[in-house]
Amino acid sequence: MAVRRVVPNIQSEAAQESREFYGLLGFEEVMNHGWIMTLASPTRPAAQISVMTGDKTAPVVPDISVEVDDVDAAYAAMRASGAEIVHPLQDEEWGVRRFFVRDPSGRVVNVLSHR
């Protein structure tokens, strides 16, 4: 299993202000579903930040998102380790397969793959 990217998620009701703020650092909006907006560097597209008002299908906003090449293998590894699964593995309507898991420090990690 390989990591493709890691994205910090910021819970905020100030999406427009965040877009403008991070725009000053060179980020541009690359995705906006209303409840989540992703900003990326135009020169390094994998350098991203997401701003979320809430999560559309999960009970909590994750602290970070980790995209992997095989989310099913990641899910199996986390379950086998006894890690707390916060949101079950499922396919989402916006084209990802994902689950949430709690890390040892209590942070919620959104682990995903694009379908």
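Helices (H or I, at least four residues) and strands (E, at least two) are DSSP runs, numbered from the N terminus. The model shown is predicted, so to speak of local features a pLDDT of at least 70 is needed, side-chain atom pairs count only at pLDDT 80 or more, and totals for chains, interfaces and linings use all residues. Residues are numbered from 1 along each chain as its sequence is written, and side-chain values use heavy atoms, with hydrogens and water left out.

**View 1. Asn110 in its strand.** Let us start with Asn110, which sits in strand β8. This residue is buried, at a relative accessible area of 7%; buried means under 20% relative accessible area, exposed over 50%, and partly exposed in between (1.4 Å probe, protein chains only). Contact means heavy atoms within 4.5 Å. Setting aside neighbours within four places in sequence, Asn110 is in contact with Pro62, Ile64, Ser65 and Val66, as well as Arg98, Phe99 and Phe100.

**View 2. The whole chain.** Two helices and eight strands make up the secondary structure of the chain, and along the sequence they follow the pattern β-α-β-β-β-β-α-β-β-β. The C-alpha trace spans about 45 × 30 × 25 Å along its principal axes. Of the 115 residues in the chain, 38% are buried. Among contacts with a separation of 6 or more, 47% come from residues 24 or more positions apart.

**View 3. The open sheet.** Here the eight strands form an open sheet in the order β2-β3-β4-β1-β5-β8-β7-β6, with mixed pairing. Its edge strands, β2 (28–32) and β6 (85–91), each pair on one side only. Neighbouring strands of this sheet are turned by 25° against each other on average, direction ignored; axes are lines fitted to C-alpha atoms, for helices over the stretch in contact, and angles run from 0 to 180 degrees between N-to-C directions. Two strands pair if DSSP finds at least two bridges between them.

**View 4. Strands β1 and β4, with helix α1.** Strand β1 (residues 3–11) and strand β4 (residues 48–52) run parallel and are joined by three bridges. Look for Gln11, whose bridge partner in β4 is Met52. Helix α1 (residues 15–23) packs on the sheet and touches β1, β2, β3 (36–40) and β4. The direction of α1 makes about 5° with that of β3.

**View 5. Helix α2 and its strands.** Helix α2 (residues 71–81) lies across β5 (64–68), β6, β7 (96–102) and β8 (108–114). Relative to β7, helix α2 runs at about 20°.

**View 6. Aromatic pairs.** A search of the whole structure finds four aromatic pairs. The rings of Tyr22 and Phe27 have centres 6.1 Å apart and planes at 90°, so this pair is edge-to-face. Rings of Phe, Tyr and Trp (its six-membered ring) pair if their centres lie within 6.5 Å; planes under 30 degrees apart count as stacked, over 60 as edge-to-face and the rest as tilted. Both Tyr22 and Phe27 are buried. Between Tyr75 and Phe99, the ring centres are 5.0 Å apart and the planes at 70°, so that pair is edge-to-face. It links distant parts of the chain, with Tyr75 in helix α2 and Phe99 in strand β7, 24 residues apart. Tyr75 is buried, with a relative accessible area of 16%, and Phe99 is buried at 0%. Ring pairs also link Phe21, Tyr22 and Phe27 into a cluster.
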